[in-house]
Amino acid sequence: MAKESRPRKLSVYLYIPNIIGYIRVLMNCFAFYICSSNKKLFSILYFISFVCDALDGWFARKFNQVSTFGAVLDMVTDRISTACLLVILSQVYRPGLVFLSLLALDIASHWFQMYSTFLAGKVSHKDVKDSTNWLFKAYYGNRMFMGYCCVACELLYITLFLLAKNQNENLTKVVVEAAKQNSALAVLLVLLLVGWAIKQAVNFIQMKTAADLCVDYDINKKHNA
């Protein structure tokens, strides 16, 4: 039985979307390795890795290779890469606490959501049909809307990274000066900020909703005991 299970296990590890996931991990490792010496190449590799997040999902559905391992690999890769970039930004800009707070919200929100998903017996953390919050449902219910918010968020962080010329830059000063010097960049920053703001709101709603579900689970467990 053990010998028969090994090929099946290996085949899951070698699903096309999972292989894309491994490539994303390697790409991010190299990107962060050269982030100080080559900011443009880092930004390109980071964004390509981010785009591949949508690509592996398409392959998973196309070839019926959806897996729990792939979903976890996907989320861990996303969260770690975003976290690393936020840590870098916290060292480049002042106040750095802004980016560390965003990092904490991002991790806490997704951790609560994943755990509450398992408690509720759902297959995907994106299943929020029973939510009463319209923004939360709109975010996970519309791929285009969610895509815009996610892309805007990551592009904003990349843009801020590229705009910084020295350590300990004043965040507000850099953004305002860049917007004044380039009107096209100013419009882009506004569009990115809107998507970023929506995503942070969704992260907060997601954390609160998931926390409520965990508490309800505990109450029902004690009541039925």
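The lining of the largest cavity has four nonpolar, three polar and four charged residues. Here, Ala, Val, Leu, Ile, Met, Phe, Trp, Tyr, Cys and Pro count as nonpolar, Asp, Glu, Lys and Arg as charged, and the others, Gly among them, as polar. Keep in mind that this is a predicted model: local features need pLDDT of at least 70, side-chain atom pairs count only at pLDDT 80 or more, and totals for chains, interfaces and linings use all residues. Residues are numbered from 1 along each chain as its sequence is written, and side-chain values use heavy atoms, with hydrogens and water left out.

**The cavity**
- A cavity is a set of points, on a 1 Å grid over the protein atoms alone, where a 1.4 Å probe fits but cannot get out; lining residues have an atom within 4 Å of a point.
- The largest cavity has a volume of about 50 Å³, the volume being the space filled by probe spheres set on the points.
- Its lining residues include Arg79, Asp106, Glu154 and Lys199.

**Cysteines**
- The whole structure has zero disulfides, a disulfide being a pair of cysteine sulfur atoms within 2.5 Å.
- For Cys84, the nearest cysteine sulfur belongs to Cys29 and is 8.7 Å away.
- Cys84 is partly exposed because its relative accessibility is 31%, while Cys214, at 14%, counts as buried; buried means under 20% relative accessible area, exposed over 50%, and partly exposed in between (1.4 Å probe, protein chains only).

Technical notes
On a 1 Å grid over the protein atoms alone, a cavity is a set of points where a 1.4 Å probe fits but cannot get out, and a pocket is an open set with protein on both sides within 12 Å along at least five of seven lines; lining residues have an atom within 4 Å of a point.
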